[in-house]
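User: Hi! I'm new to this one, could you walk me through it?
Analyst: Happy to, here it is.
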Amino acid sequence: MTDTVLQLQALSVSLPAHGGGRLVPVLDALDLQVRAGGMTALVGESGSGKTVAALAAMRLLPRGARTSGQVRFDGLDLLAQDERRMRRLRGRIGMVFQNPLSALNPSATVGAQVAEGYRLHENGSRAQARRRAVELLGEVGIPDPARRLDDYPHQFSGGQRQRVMIAAALACDPRVLIADEPTTGLDPLVARQILALLRRLQQSHRLGVLFITHDLSIVEAHADRLTVLYAGRAVEWGGAGRFFAAPRHPYSQALLAAVPRLGQAALQGIPGRLPDPLLLPPGCRFAPRCPHHRPPCDDGYPPALGDAVEAACCLFPLAPPVPARNMNVVHAPPAGAAARQDDAALLALERVTVRHPVIGARRRTAPALQEVSLTLHRGECLGIVGESGSGKSTLGRAILHMLRHDGRILLDGQPVADLPGPERRRARRRIQPVFQDPRESLNPRLRIGDALAEPLRLGGLFDRARLDREVAALLAKVGLDPSLAGRWPGQVSGGQAQRVAVARALAARPEIVVLDEPTSALDVSTQAMLLTLLRDLARSEHVAYVMISHDLAAVSWLADRIAVLKDGRVVEAADTATLLAHPRHAYSAALVATAPRVQDGAGQVAAGPVRLPSPPA
Amino acid sequence: MPDAGSVSGTGMRVRLPGLAALSGSGSLLAGIVLALLVLFLCFLVPLAWRADPYALNPLSPLSHPSRAFPLGTDELGRDNLARVMDAGRATLLVALPAAAVTFLAGLLYGLASGLGPRLLDAAMMRLLDAVLALPGLVVLIFFAAILRLSTPSLILLLGLISWPPLARLVRNETRAVRDRDFVQAAYQMGGGFFHVVTTHLLRVMAPVLAVNFTFLVGEMILLLSALSFLGLGVQPPQTSWGGLLEGALQLVALDPWWLVLPPGLLIFASLLSASLIGQGLLARQGRA
């Protein structure tokens with residue numbers, strides 16, 4: 001192909017193991033092309049080696065890394081260039097990192113940082129650099145760029161910061177842009193805007209984009225080629241249209257099935273974990289987790305895949321006509337939504353307002369939560385969706401009584417805040433939290449068994465043998481092996497840690513569990529399993545959930561009712577089915593329109609162009 | 001087209017195999033061995049070497065090390081080995097409790113400030129700044145000069161001027177930990193203040209606290225030695241390593257190396273062992 005601008009050929013990388021001198025293979029013979037004006041997506045879960053591939057292409061790997069293969073750019077093999085030439089070439093390949101807040105220097109103005117590459121590579125004067133920066137910021141859609149030039153990164157919103165990063169990457173007219181998880185951590189609507197921007201630049205500059213992500217749904221509408229990585233090895237690659245219509249590798253298929261979509265009846269996780277890179281299975285690396293596993297899978301890979309344009313690295317690729325997926329966008333009533341509305345509300349919020357105290361400043365700030373009124377019935381799941389800054393986490397913390405608030409929060413008709421001390425403590429125990437980051441929610445110096453025993457002890461159980469039994473039962477309840485009790489939180493995977501957090505919440509025998517973004521720190525495959533677990537537990541434990549998330553698809557999968565939060569107010573609250581079918585507020589409609597949904601056939605993509613009711617963030 | 005070549009990273013770093021071990025458990029081990037040696041000399045050797053540190057031998061002042069006096073004698077003919085061991089006991093029996101007092105004071109102050117309401121925290125931190133602004137040694141000299149310092153009051157005084165840095169550290173750690181999700185979860189499951197402090201805060205801070213305690217011990221030995229060197233620490237006739245050094249300094253024209261080296265080396269060895277243990281703990285913590 002003549003218009004290939006970046007090509008990785010048999011790229012392999014080994015990194016030195018932490019502490020020791022051993023090399024750990026992290027990327028194995030990756031082939032990949034990025035065409036001018038095209039977008040190639042590199043998809044994989046954490047630990048798959050996708051970021052390493054990007055860093056290897058830019059020669060930015062840490063010292064001691066061993067690389068083999070070729071990275072061809074502009075007719076040159078980048079791996080064979082000396083450092084001085086490489087430095088010059090890096091201007092021609094732009095790079096956008098995941099977290100713009102750490103990729104931007106907080107103490108330099110945005111203008112200076114956007115122009116930094118230009119000044120380094122083009123030797124422009126100060127005035128020229130300024131002009132160029134204004135031009136670039138305008139191009140990526142920062143309103144009034146000349147005025148914003150001297151602002152600092154913290155004065156921009158998350159989406160705008162990512163735009164600034166993209167502007168900086170464009171400074172030297174690159175031919176390729178490598179974007180490493182540029183939308184992770186952004187709200188879905190903002191993420192779509194960033195993608196639309198990349199797509200526009202890709203067309204106007206004939207820019208080749210290598211888009212690295214763990215989120216299949218985000219690239220669905222935009223990538224033209226796609227490579228799926230698993231444990232350092234490409235398992236499937238080819239045109240995006242064909243891929244989404246008919247994934248051939250069991251892992252690709254499982255990954256697609258794991259993304260929650262509107263209208264999906266069942267979520268399918270991928271049990272098991274990534275193989276240890278030092279103990280890779282002899283044959284297919286996915287074999288130990290593969291539902292279609294057969295004995296020959298343990299022996300090897302299909303021969304001669306190297307230069308195939310479309311291929312699945314699998315001895316038994318799934319047949320092209322994919323098993324029929326749910327064709328109609330019908331909301332499957334989760335958990336058993338029926339017959340709950342008749343009894344009195346378990347939890348009622350009456351005009352709850354929360355103002356965050358502003359340190360030092362006298363000026364009034366907009367309340368984080370304004371007069372929110374909601375009810376929750378026994379065994380019900382109430383979903384709260386909204387963008388970051390909409391106050392949804394504040395709402396969660398207010399329900400948990402962790403924040404001072406105006407208005408009333410009634411538990412069984414009683415205002416918890418007015419109860420005397422000991423009774424208030426008992427009332428608080430009836431509402432338990434599950435937080436977003438499982439690492440943060442477990443004390444790193446408390447063994448998992450002790451973490452689970454903590455709520456039991458506080459509940460008055462001190463007998464060692466009974467505690468051990470209860471802990472084992474809790475672990476079993478969330479699908480974990482009881483032997484995990486002896487491990488430290490650092491020794492388990494993120495998904496396991498989050499299950500422990502769920503088990504700990506259940507240990508206090510709550511009536512309500514507040515789930516604050518319970519899946520957003522997890523990999524897609526783990527996410528699906530956790531959601532399924534939560535749904536099963538809702539039935540078996542008779543708990544009510546308040547599920548807070550920016551992911552409408554995930555929330556709708558679990559929730560009976562959904563409240564949409566914007567700028568601290570509930571703009572719409574309705575039955576899940578009603579909200580998905582007939583969103584009344586413009587903002588809810590935009591959320592529903594952009595959420596990934598079950599497709600009705602090959603290659604057709606649901607997410608259309610995004611029209612936001614408010615100016616872009 | 002060039003063959004797929006093999007390129008290693010941009011540079012090579014020489015890796016010394018022993019260095020990693022030495023920076024971790026090695027230094028911890030070395031520190032503990034050194035500390036045991038010092039303790040052995042100060043507390044167990046005197047059981048075998050029963051010379052009286054205060055007995056005068058007017059016939060043999062300033063004698064070189066010999067079989068009768070393994071470390072020689074001072075200007076009054078006192079047995080220097082016995083003096084060094086006695087001074088060591090005096091030094092450690094003040095420095096270790098002083099470190100403990102400092103540690104407790106710093107810990108409690110830091111916890112109270114870190115967990116208290118914002119106004120209390122602000123007030124306590126300003127007070128801490130004020131104490132920190134006082135030059136500790138000068139304050140010590142002031143009190144030592146106007147009071148006759150008994151051992152307990154010396155311990156208290158050392159603790160009184162040394163707690164602020166630790167208190168600030170504990171306060172900052174507390175602030176960092178107290179809003180973490182697992183602490184919030186502990187409150188939500190009905191845990192009270194005491195529960196949160198013991199189950200969560202202290203556990204999370206334990207490594208930092210252990211490291212800082214070892215450094216405090218070293219600091220106290222040094223501070224006491226400095227004080228004694230100025231003649232204000234442990235009161236005569238008892239003396240400390242710093243006092244011995246000061247005594248030897250008076251006679252420096254006579255070059256009594258046997259009086260200078262032993263207390264000097266022992267101060268050095270105890271500081272080194274405290275530092276090694278601290279570094280070792282730090283390295284282990286980094287690995288965990």
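User: Which residue is the bridge partner of Ala348(A) in E15(A)?
Analyst: Leu410(A) is the bridge partner of Ala348(A). A word on the basis: this is a predicted model, where local features need pLDDT of at least 70, side-chain atom pairs count only at pLDDT 80 or more, and totals for chains, interfaces and linings use all residues. Residues are numbered from 1 along each chain as its sequence is written, while chains are lettered from A and ligands numbered from 1 in the order in which they are written.
User: How many bridges join strands E12 and E15 of chain A?
Analyst: Five, with E12 (347–354) and E15 (406–411) running antiparallel. Strands are DSSP runs of E, at least two residues, numbered from the N terminus, and two pair if DSSP finds at least two bridges between them.
User: What is the strand order in that sheet?
Analyst: The open sheet of four strands in chain A runs E13-E12-E15-E16, with antiparallel pairing. E13 (369–376) and E16 (414–415) are at its edges with a single partner strand each, so one side of each has no neighbour in the sheet.
User: New topic: what does Tyr545(A) touch?
Analyst: Beyond four places in sequence, the contacts (C-beta atoms, placed from the backbone, within 7 Å) of Tyr545(A) include Cys381(A), Val513(A) and Leu558(A).
User: And how confident is the predictor in chain A?
Analyst: The mean pLDDT (per-residue confidence, from 0 to 100) is 84, and 89% of the residues of chain A reach 70 or more. Over residues 321–340 of chain A, though, pLDDT is below 50, and over residues 600–617 of chain A it stays under 50.

Notes. Two residues are in contact if their C-beta atoms, placed from the backbone, lie within 7 Å.
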